Amino acid sequence: MQKLLKAMLLSLLLGVLCSRGALAMENDMLKVGIKYGSDAMFSANLQNYNETVAGQGYAMGYYDDARSFVPLGPATTEYKVTVTVDGNFYASGNTYYEGAGGAETTVGGWHLQLAEDFASYAAAAEAASRYDGAFVAFLTNVYAVRVGQYTSQGRAEEALASWSGADAVKTVGPSGTGVVVTVTGTNRVLFYFDCGGSRSLALLPQPIGTEKPITWFRGYRYYGGFEYRRASGGNMSVINVVNIEDYTKGSVPYEIGNDKPLEAIKAQAVCARTYAARQTRHRSQGFDVCTTDDCQVYQGLAESNETTNRAVDETAGVYMYYNGKLAEAFYYSCNGGASEDAKNVWGEEVAYCKGKQDPYEAYVASRIYKYNWTTTYTKSELTARLRSRGIDVGTISNIYVSEFTPNGNVYAVTIVGSAGTKILRRESCRTTLGLRSMHFRIGDSAGGGVSGGASSSGNSAAYYINNAGGSVTGLKGIYAITGSGTVSELGGSGAYVITSGGVSALRQSSGTSSGTTVTQVTAPPPLTGDTITITGSGWGHNVGMSQWGATAMAELGYDFRAILQFYYTDVTVG
């Protein structure tokens with residue numbers, strides 16, 4: 001009984017750790033960097049999506065260390081607001097620009113400030129009500145009242161000299177970490193925020209009734225709040241702070257589409273949620289994930305529909321784990337027939353990302369855009385591309401696939417030139433040559449070097465036998481002209497092909513490259529033409545889940561768990 005109780009307690013503990021403790025976020029809230037770095041903004045507008053139904057106005061405050069919103073006063077009922085970096089700026093239409101414009105549209109960076117600090121928004125607001133144009137400011141841990149808008153220190157000091165109010169005042173100027181909230185298109189200041197970069201202003205849309213508020217930002221609709229990070233001067237980063245389930249609804253349709261089968265979209269939802277939950281590499285910039293395919297695409301709710309939302313809702317809280325920890329949920333569009341070991345692509349072992357033959361994409365290949373593709377270079381074009389990437393082999397005399405993985409994907413490409421030889425390995429084969437996937441062959445249009453892929457066994461190659469890229473796996477039962485010029489069966493000991501350079505041996509051997517088992521192919525004859533043609537299939541890095549393979553599996557009746565457990569080895573989905 002004691003052993004049973006211990007087992008039950010351990011199982012419960014592991015379940016808690018898997019469902020909650022492994023997450024990288026706090027309170028299931030994710031910070032998504034929408035605008036940052038070179039895209040950081042001088043001024044950013046927000047607008048309630050539907051000011052009378054889905055939200056009215058915004059609360060102003062900040063997110064604490066637990067990512068809970070802390071209001072700093074009552075919400076404004078304005079449904080169009082703008083946050084701008086502190087300083088002189090003016091409105092032209094709904095856009096703000098740095099500098100001074102007309103008197104009715106300019107917000108000055110200099111003000112008079114009451115000498116007294118206030119412990120609450122209410123007290124500061126009561127004091128501000130005594131002066132026209134006054135507004136409340138939050139400065140680290142206290143509230144202040146600012147009056148007037150002046151475009152220079154001199155003008156603020158002139159106003160100070162003629163001050164006739166009952167309260168003592170001083171002049172204050174722009175701050176490198178301050179931000180100003182205005183009613184969009186006007187110089188009416190609603191709030192000022194400056195915590196010296198230790199905290200960031202946040203705006204949270206207010207709900208009306210039971211509807212979840214939605215906000216327009218830069219032409220896209222978003223759930224959640226917005227944070228404006230200005231830690232050390234310059235423009236401000238704009239960060240969407242959103243529940244991970246709402247985030248997933250804004251990512252899934254952009255990654256797999258909104259027209260795929262439900263179970264495929266569910267698999268994508270688990271991948272998107274899992275991937276986002278374990279990301280921390282943008283933490284130094286104040287957020288968890290970005291919105292591009294550098295992380296995973298996220299553009300709010302524009303492409304969401306009933307199916308994608310249902311997929312997220314029906315997998316809510318479901319993540320993918322390996323040995324009790326969140327898995328790195330890599331995925332891509334399609335693999336061309338075989339996924340690949342992470343080590344063979346990126347050089348590092350990922351235990352649950354093992355390559356395998358993928359029979360499912362064949363069911364949907366005819367519907368995949370550019371599933372089979374061709375890339376053509378002249379020698380001069382390829383030379384220029386290589387040089388732009390720091391590779392100079394002189395005049396190219398040959399280029400061929402020299403090593404294959406056991407799954408038939410490219411592991412190494414050898415480039416021979418008058419100034420030396422360069423060997424590309426792993427993913428650099430694809431990225432350096434500008435190709436769509438790791439599943440390809442190389443052959444020049446004049447009939448020079450030809451190379452193919454290896455089968456899943458790693459012991460026999462799939463040699464291409466026609467211009468359409470048809471291939472055969474293994475040599476038994478295939479006949480060709482041998483090195484002696486006679487016709488005989490290719491039994492595996494030696495095979496020959498006719499090229500523009502004559503009859504040539506096409507030999508293969510198994511070997512290792514940096515600890516990876518590969519199939520090595522003997523160099524074909526040098527190029528004889530000026531054109532280098534590369535043909536292949538698939539699109540992406542080939543590690544993890546094929547989105548089109550998932551689509552096919554769903555259409556064949558597999559559920560999302562089966563899909564994930566096919567593409568990822570020994571994972572737990574729950």
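Modeller: Thr177, Val179, Phe193, Asp194, Cys195, Gly197, Arg199, Ser200, Leu201, Tyr228 and Arg230 line the second largest cavity. This is a predicted model, with local features needing pLDDT of at least 70 and side-chain atom pairs pLDDT 80 or more, while totals for chains, interfaces and linings use all residues. Residues are numbered from 1 along each chain as its sequence is written, and side-chain values use heavy atoms, without hydrogens and water.

Biologist: What makes these residues the lining of a cavity?

Modeller: On a 1 Å grid over the protein atoms alone, a 1.4 Å probe fits in a cavity but cannot get out, and lining residues have an atom within 4 Å of a point. About 40 Å³ of space lies in the second largest cavity, and the whole structure has two cavities of 30 Å³ or more.

Biologist: How many residues of each class are in that lining?

Modeller: Five are nonpolar, three polar and three charged. Asp, Glu, Lys and Arg count as charged, Ala, Val, Leu, Ile, Met, Phe, Trp, Tyr, Cys and Pro as nonpolar, and the others, Gly among them, as polar.

Biologist: What makes α5 oblique to α10?

Modeller: The axes of helix α5 (residues 262-277) and helix α10 (residues 547-555) come within 7 Å and cross at roughly 140 degrees. Under 35 degrees is roughly parallel, over 145 roughly antiparallel, 65 to 115 roughly perpendicular, and the rest oblique, so α5 is oblique to α10.

Biologist: Which residues meet there?

Modeller: Glu263, Ala264 and Gln268 in α5 meet Gln547, Ala550, Thr551 and Ala554 in α10, contact being heavy atoms within 4.5 Å. Three residues of this contact are nonpolar, three polar and one charged.

Conventions:
Axes are lines fitted to C-alpha atoms, for helices over the stretch in contact, and angles run from 0 to 180 degrees between N-to-C directions. Helices (H or I, at least four residues) and strands (E, at least two) are DSSP runs, numbered from the N terminus. On a 1 Å grid over the protein atoms alone, a cavity is a set of points where a 1.4 Å probe fits but cannot get out, and a pocket is an open set with protein on both sides within 12 Å along at least five of seven lines; lining residues have an atom within 4 Å of a point. Grid points are joined across faces, edges and corners, and a volume is the space filled by probe spheres set on the points.
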